[in-house]
Amino acid sequence: VRATATVTVAVGFGVRTADQAAAVGEIADGVIVGSRLVRAVADAATLEAGLEDIRGFLDESTRRLSAG
């Protein structure tokens, strides 16, 4: 996608895991994970548990994207 686009490309439909974020990061300029973050809070037993899930997901995604 990135190689043929003349504009910045961000992809995010269905990105739920750090592996998926890393794969999308290989072909796009940006990865959108908003629904994944909302779902983490909505599905968690407590707000703190949801925020901890978000921290872990973002840390792992960032690590994977930086490595790629």
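Trainee: So what secondary structure does the protein chain come to?
Mentor: You've got 3 helices and 2 strands in the protein chain. Keep in mind that this is a predicted model.

Trainee: In what order do the elements run?
Mentor: Starting at the N terminus, the order is β-α-β-α-α.

Trainee: And what does the C-alpha trace span along its principal axes?
Mentor: About 45 × 20 × 15 Å.

Trainee: How much of the chain is buried?
Mentor: Of the 68 residues, 24% are buried. The accessible surface comes to about 4,600 Å², and carbon and sulfur atoms account for 58% of that.

Trainee: OK, helix α1 next. Which residues are buried there?
Mentor: A18, A21, A22, V24 and G25. Those residues sit on the same side of α1, because they cover an arc of only 165 degrees around the axis.

Trainee: What do the buried residues of α1 pack against?
Mentor: They pack against β1 (10-11), β2 (30-31) and α3.

Trainee: Let's look at the α3 side, then. Is S61 buried or exposed?
Mentor: S61, which is found in helix α3, is buried, because its relative accessibility is 5% and the cut-off for buried is under 20%.

Trainee: What does S61 touch?
Mentor: A18 and A21, leaving out residues up to four places away in sequence. Both of those alanines are among the buried residues of α1.

Trainee: Switching to charges. How many positive and negative side chains are there?
Mentor: There are 7 positive and 9 negative side chains, with the centres of the two sets 4 Å apart.

Trainee: And how many salt bridges does a search of the whole structure find?
Mentor: That search turns up 4. One of them pairs R64 with D19, and the closest N and O atoms there are 2.0 Å apart.

Trainee: Which parts does that R64 and D19 pair tie together?
Mentor: R64 lies in helix α3 (residues 47-67) and D19 in helix α1 (residues 18-27), so the pair links parts that are 45 residues apart in sequence. R64 itself is partly exposed, at a relative accessible area of 27%.

Trainee: What about E52, which residue does it meet in a salt bridge?
Mentor: R55, with 3.2 Å from N to O.

Trainee: How exposed are E52 and R55?
Mentor: E52 is partly exposed, with a relative accessible area of 49%. R55 is partly exposed too, at 41%.

Trainee: And where does R63 come in?
Mentor: The side chains of R63 and E60 meet in a salt bridge, at 2.6 Å from N to O. E60 and R63 are also 3 residues apart in helix α3, which puts about one helical turn between them.

Trainee: Last one, on contacts. Among those between residues at least 6 apart in sequence, what share joins residues at least 24 apart?
Mentor: That share is 34% in the protein chain.

How values were computed
Residues numbered from 1 in each chain as written. Predicted model: local features only at pLDDT ≥ 70, side-chain atom pairs only at ≥ 80, totals over all residues. Heavy atoms only, no water. Helix = DSSP H or I, 4+ residues; strand = E, 2+ residues; numbered from the N terminus. Buried < 20%, exposed > 50% of the residue type's maximum accessible area, 1.4 Å probe, protein only. Contact = heavy atoms within 4.5 Å. Areas by Shrake-Rupley, 256 points an atom, 1.4 Å probe, with all protein chains shown as cover. Lys, Arg positive; Asp, Glu negative; His and termini not counted. Charge placed at Lys NZ, Arg CZ, Asp CG, Glu CD. Arc of directions from axis to C-beta.
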